[in-house]
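Colleague: Can you walk me through this one? I'm new to reading structures.

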Amino acid sequence: MAQPTTTDALRQQALESLAAAADQSALDTWRAEWLGRSDGRITTMLRSVKDRPPEQRAEFGQAANRLKGELEAALAEREDVVNAREFARLSTEGAIDVTLPGRPQRRGRLHPVTQTMRDCVSAFADMGFRVVEGPEVEWSRYNFDLVRIPEDHPARDMWDTIWMESSRGEDDRQMLLRTHTSPNQIRVMERMQPPIRVIVPGKCYRQEATDATHEWMLTQIEGLAVDEGVRLSDLKGTLYEFARCLFGEERRIIFHHSYFPFVEPGIEMAIDCFICRGSGAECGTCHGTGWIEILGGGMVHPEILENMGYDSEKYTGFAFGLGIERVALLRWGIEDIRRFYQNDLAFLSQF
Ligand code: FA5
């Protein structure tokens, strides 16, 4: 077709072909042909202003710009008409039933162990504990030796360990998946001076024969407070307040004596069993004891304080390691810890 030479002829040609565009794809083709930024016909026309004789440039440029504006407005108008027609077509042909209620989107939620972790962290944060983090892949020196568990100590048997194969070498340079969060007592004391009041949340790994209260991957919060005059009663008070926040006033709590090489004295704290309330000798969850242990703790061993360069005559401290899955079991009355990590949405979406 011959190229029109005046803007009027161009306008007429553009509007005729726009009127013939009946769907979105034809409109897109038209936009590219006429208004396309790199080689649209109007763009080319505007670029050619400089090739005109000087006395024609102003008039030609204005006319081209006017035409561009008109075509943009005509395109917007045509799009409204085409869209309205398309919507009417889809509605009448039944492809879209606008009267149907929308399909609800399933909302995700936090895993119950994450929810419990957050609630525990905020209970301790409200008591002035600061949150710090430590590595999950740990040196055996931090996991065992520096917390007074030497190579041949029977306490290492308590935590059958997942070792990193490639790093097995000299004794204190082996790496492992940390079996507890307690190495962070050392990591914190290495870089901070008293007064210290921190919690360290995180995952730990053990070679466990799993059962209703034992998983091979577990989540702990380590707590550590070191200052002048810190006593066992401060530890008990802190843990009572924590239990009150998480479980309310009604739940019963018990402290037992316990042994951990890095504290003296050592304790364990347990909560009354929600399944048998202490009456069932055959209870699979508490094994008939009536109590479910949630943490170990005690007064930081003076030898560790001295190793860290603290004067153990002046400073004392308490530490504890809390099992988050156990807290989650107890607060919702879940019978088996293994349910948390079976990726069963029907189970998980209840919390
Ligand atoms: C320890 O891990 C010590 N590091 C705790 C500690 C810290 C003592 C500071 C003194 C001072 P224990 O192995 O008992 O101790 O574990 C502590 C808590 O982690 C338990 O009370 C329990 O709540 C949880 N826990 C332990 N093993 C498992 C497991 N296999 N599955 C789920 N939770 C576990």
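Modeller: A definition to begin with: helices (H or I, at least four residues) and strands (E, at least two) are DSSP runs, numbered from the N terminus. This is a predicted model, where local features need pLDDT of at least 70 and side-chain atom pairs count only at pLDDT 80 or more, while totals for chains, interfaces and linings use all residues. Residues are numbered from 1 along each chain as its sequence is written, and side-chain values use heavy atoms, with hydrogens and water left out.

Colleague: Fine. Which helix holds Thr7?

Modeller: Thr7 lies in helix 1, residues 7–20.

Colleague: Is Thr7 buried or exposed?

Modeller: Thr7 has 17% relative accessibility, so it counts as buried. Buried means under 20% relative accessible area, exposed means over 50%, and partly exposed is in between (1.4 Å probe, protein chains only).

Colleague: What is Thr7 in contact with?

Modeller: Contact means heavy atoms within 4.5 Å. Setting aside neighbours within four places in sequence, Thr7 touches Met45, Ala63 and Leu67 in that sense.

Colleague: New topic. How many aromatic pairs are there in the whole structure?

Modeller: The search finds 14. Rings of Phe, Tyr and Trp (its six-membered ring) pair if their centres lie within 6.5 Å; planes under 30 degrees apart count as stacked, over 60 as edge-to-face and the rest as tilted. Phe124 and Phe242 have ring centres 4.8 Å apart and planes at 5°, so they are stacked.

Colleague: Where do Phe124 and Phe242 lie?

Modeller: Phe124 is in helix 5 (residues 112–126) and Phe242 in helix 8 (residues 232–247), so the pair ties together parts 118 residues apart in sequence. Phe124 is buried at 0% relative accessibility, and Phe242 is buried with a relative accessible area of 0%. Phe318 and Phe320 form a stacked pair, 6.4 Å centre to centre with 25° between the planes.

Colleague: Which residues do ring pairs link into a cluster?

Modeller: Phe124, Phe129, Phe242, Phe318 and Phe320.

Colleague: And the sheet: in what order do the strands come?

Modeller: Three strands form an open sheet in the order 2-4-3, with antiparallel pairing. Strand 2 (137–139) and strand 3 (162–163) are at the edges with a single partner strand each, so one side of each has no neighbour in the sheet. Two strands pair if DSSP finds at least two bridges between them.

Colleague: How many bridges join strand 2 to strand 4?

Modeller: Three, and strand 4 covers residues 175–177. Glu138 has Leu176 in strand 4 as its bridge partner.
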